[in-house]
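Work through each task with the model open before reading its solution.

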Amino acid sequence: MNIGIDKIGFYAPPYYVDMVELANERGDDPGKYTVGIGQEQMAVTPLSQDIVSMAVNAALQVINDTDRNKIDLVIVGTESGFDASKSAAVYVHELLGIQPHARSFEIKQACYGATAGLQMAKDYVTLHPDRAALVIGSDVARYGLATGGEVTQGGGAIAMFITANPRILTLEADATFYSRDIMDFWRPSYSEYAMVDGQYSNEQYVAFFAEVWKAYKEKTGRTLSEFEALCFHLPYTKMGKKALSQVLTETDDEKQQALMNHYQASTVLNRNVGNIYTGSLYLSLLSLLTASEALEAGDRIGLFSYGSGAVGEFFSGTLVDGYLKNLPTTKIKELFANRKQISVSQYEDIFSKVLPQDGSELTIPAEEDASPVRLVAVKEHKRFYGIG
Ligand code: HMG
């Protein structure tokens, strides 16, 4: 029985800032941002969007009424949770109108959360092939204005509908994983911003990839030459290239070029959104599938998930015949066409606005956010969402 990704949806907030403008404003060489880091545009999340509304906006692209009755699991991977008790998944379940006898919960392990959810969903559907799971990664990456991490901020959500006989990607039971307690990136619950040891986090990302890739080869006997493409968690698009470069010499020149070409395709969307944490690997997969014309059914795609702190995982999937028909290509084009560019000072203004921390009330204006779902108010320590 094949289990995997049947549908995938993506949402990014309605504003973005241009990275050349940001570099100029910060007194940096724009080449550092666009080439050294590899980012062109950065999504900016207004108060009217949070992890719940973004998750629902992504999932609305994916599910229909038949799916609503088939979903038994609603899993939200996030590291931007706003409640230490209640999960974002329970709000998402309600806002999407999913059948009531479902399990809904949140998973946290930095950017790895959605991968844990995906593997759990795959196992569940393997045991219950007539049922389905909804796995979402939704996050806002915030390091602070004019900080070293600012250039790697972003925000957005990915939603994946997991079924038997999937129409996009069949997931293999071949994952290798690795956990080690390190302090490369973390966010104490009293802090709005992530703490990060930037260069150490880069080193550990590459080291974790090396570890799980070695374990993968030992476990499966597969070689790099058997992969058409590798997708990576992309905190910024240069990062995956560093990891890929260290293994490229394991294959011949022609294959190296093909893998690099596919790597470029896998960065197109991430380059214009920034780090979306838990959804980032799956945004890269979506980017590859929508941007590459050189893929075909049966091709094997490797996926490297990394969540700081840290957990790494490598696994693979094979493309299903007709996968192109099930991609949200038009919706992605519309989403990018409808985003509005804002100036650096407008970005700073939006970034500096925060929701009440003391129980006071706030009604949030829509301004130019025409997304189907928005956060509309905070009252009595509760969040209220509006649809339509
Ligand atoms: P930095 O110190 O500002 O940048 O930090 P740098 O000096 O290292 O320069 C970056 C690159 O730009 C270098 O290239 C420079 O040579 C190049 P590299 O040596 O790396 O190949 N450069 C230029 N290139 C062209 N033209 C120029 C130019 N000038 C310099 N003029 C850093 C960068 C990413 C560390 C920082 O932004 C940061 O701390 N970001 C946040 C942490 C992060 O994203 N880490 C990634 C790995 S950890 C991870 O992926 C997990 C994460 O998603 C969290 C989670 O799991 O929840 C973050």
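**Exercise 1.** In which loop does alanine 310 lie?

*Solution.* Alanine 310 belongs to the loop between β13 and β14 (311-319), where strands are DSSP runs of E of at least two residues and helices are runs of H or I of at least four, numbered from the N terminus. The model is predicted, so that local features need pLDDT of at least 70 and side-chain atom pairs count only at pLDDT 80 or more, while totals for chains, interfaces and linings use all residues. Residues are numbered from 1 along each chain as its sequence is written, and side-chain values use heavy atoms, with hydrogens and water left out. The peptide bond that leads from glycine 309 into alanine 310 is cis, with omega near 5 degrees.

**Exercise 2.** Locate alanine 110 and state its phi.

*Solution.* Alanine 110 is found in the loop between β5 (103-107) and α6 (113-127). Its phi is near 45 degrees, a positive value in a residue other than glycine. Most residues other than glycine have a negative phi, and most peptide bonds are trans.

**Exercise 3.** Identify which helix gives the most residues to the shell around the ligand, and describe the shell by class.

*Solution.* The helix is α7, with 5 residues. By class, the shell holds 12 nonpolar residues (Ala, Val, Leu, Ile, Met, Phe, Trp, Tyr, Cys and Pro), 5 charged ones (Asp, Glu, Lys and Arg) and 13 polar ones (the others, Gly among them).

**Exercise 4.** Find polar contacts of the ligand, taken as pairs of N or O atoms within 3.5 Å.

*Solution.* Begin with glutamate 79, where a side-chain N or O atom is 2.5 Å from an oxygen atom of the ligand. Next, a polar side-chain atom of threonine 152 lies 3.2 Å from a ligand nitrogen atom. Finally, a backbone N or O atom of glycine 31 is 3.5 Å from a nitrogen atom of the ligand.

Definitions and conventions:
A polar contact is a pair of N or O atoms within 3.5 Å; within protein, one must be able to donate a hydrogen and the other to accept it, and residues adjacent in sequence count only if both atoms are side-chain atoms.
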